Amino acid sequence: MRILWELRNTPRSFRELQAQCDAMSPSVLNTRIKQLSEAKLINKCTNGYQLTDLGVSLMETLDPLREWANNWEESFKA
């Protein structure tokens with residue numbers, strides 16, 4: 001999910017993804033990228049990797065859960 005999250009707004013290079021994903025090891029990141037590519041959720045582009053239409057659709061489907069989690073977090077601050 002973290003990789004999908006990091007690609008939600010913009011394509012990112014391998015190095016950018018690695019940095020954004022808490023310095024995930026290259027072998028783990030490569031494996032995850034391969035799995036997400038095989039699932040047709042991301043693909044390679046000129047700028048690195050980006051969400052496919054299916055990946056965008058998944059992230060849009062998860063938006064209500066993200067919103068709920070943000071509201072839940074805010075309830076602890078009140």
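**Exercise on a charged pair**

Find the relative accessible area of R2 and say how exposed this residue is.

*Solution.* R2 has a relative accessible area of 35%, which puts it in the partly exposed class. Here buried means under 20% relative accessible area, exposed means over 50%, and partly exposed lies in between (1.4 Å probe, protein chains only). Before going on, note that this is a predicted model, in which local features need pLDDT of at least 70 and side-chain atom pairs count only at pLDDT 80 or more, while totals for chains, interfaces and linings use all residues. Residues are numbered from 1 along each chain as its sequence is written, and side-chain values use heavy atoms, with hydrogens and water left out.

Now look for a partner of R2. Its side chain meets that of E6 in a salt bridge, at 2.8 Å from N to O. A salt bridge is a side-chain nitrogen of Lys or Arg within 4 Å of a carboxyl oxygen of Asp or Glu. Side chains of opposite charge can pair when their charged atoms come close. R2 and E6 are four residues apart in helix α1 (residues 2-6), so about one helical turn separates them. Helices (H or I, at least four residues) and strands (E, at least two) are DSSP runs, numbered from the N terminus. E6 is buried, with a relative accessible area of 7%. Finally, R2 and E6 are linked with D22 in a network of salt bridges.

**Exercise on helix α4**

*Solution.* Take D63 to begin with: its side chain meets that of R66, at 3.4 Å from N to O. Both lie in helix α4 (residues 53-77), three residues apart, about one turn of the helix. D63 is partly exposed at 33% relative accessibility, and R66 is partly exposed too, at 34%.

Next, K77 meets E74, at 3.5 Å from N to O. These two are also three residues apart in α4, about one turn of the helix. K77 is exposed, at 58% relative accessible area, whereas E74 is partly exposed, at 44%. An α-helix has 3.6 residues a turn, so residues three or four places apart point the same way. The count of salt bridges comes to four.

**Exercise on the largest pocket**

What lines the largest pocket, and which residues lie nearest its centre?

*Solution.* The lining has 13 residues, and W5, R8, M59, D63 and R66 lie nearest the centre. On a 1 Å grid over the protein atoms alone, a pocket is an open set of points where a 1.4 Å probe fits, with protein on both sides within 12 Å along at least five of seven lines; lining residues have an atom within 4 Å of a point. Now sort the lining: eight residues are nonpolar, one is polar and four are charged. Asp, Glu, Lys and Arg count as charged, Ala, Val, Leu, Ile, Met, Phe, Trp, Tyr, Cys and Pro as nonpolar, and the others, Gly among them, as polar. Helix α4 gives the most to this lining, with eight residues.

**Exercise on helix α3**

Which residues of α3 are buried, and why do they line one face of the helix?

*Solution.* Begin with the helix itself: α3 (residues 26-38) has 13 residues and reaches 18 Å from its first C-alpha to its last, close to the 18 Å expected at 1.5 Å a residue. The expected span is 1.5 Å times one less than the number of residues. The buried residues are L29, I33 and L36. Seen down the axis of α3, they fall within an arc of 70°, so they line one face. The arc is that of the directions from the helix axis to the C-beta atoms. The face turned away from this buried side carries the exposed residues S27, K34 and E38.

**Exercise on two loops**

*Solution.* A23 lies in the loop between α2 (14-20) and α3. Although A23 is not a glycine, its phi is positive, about 55°. K40 lies in the loop between α3 and β1 (42-45). Phi of K40 is also positive, near 65°, and this residue is other than glycine.
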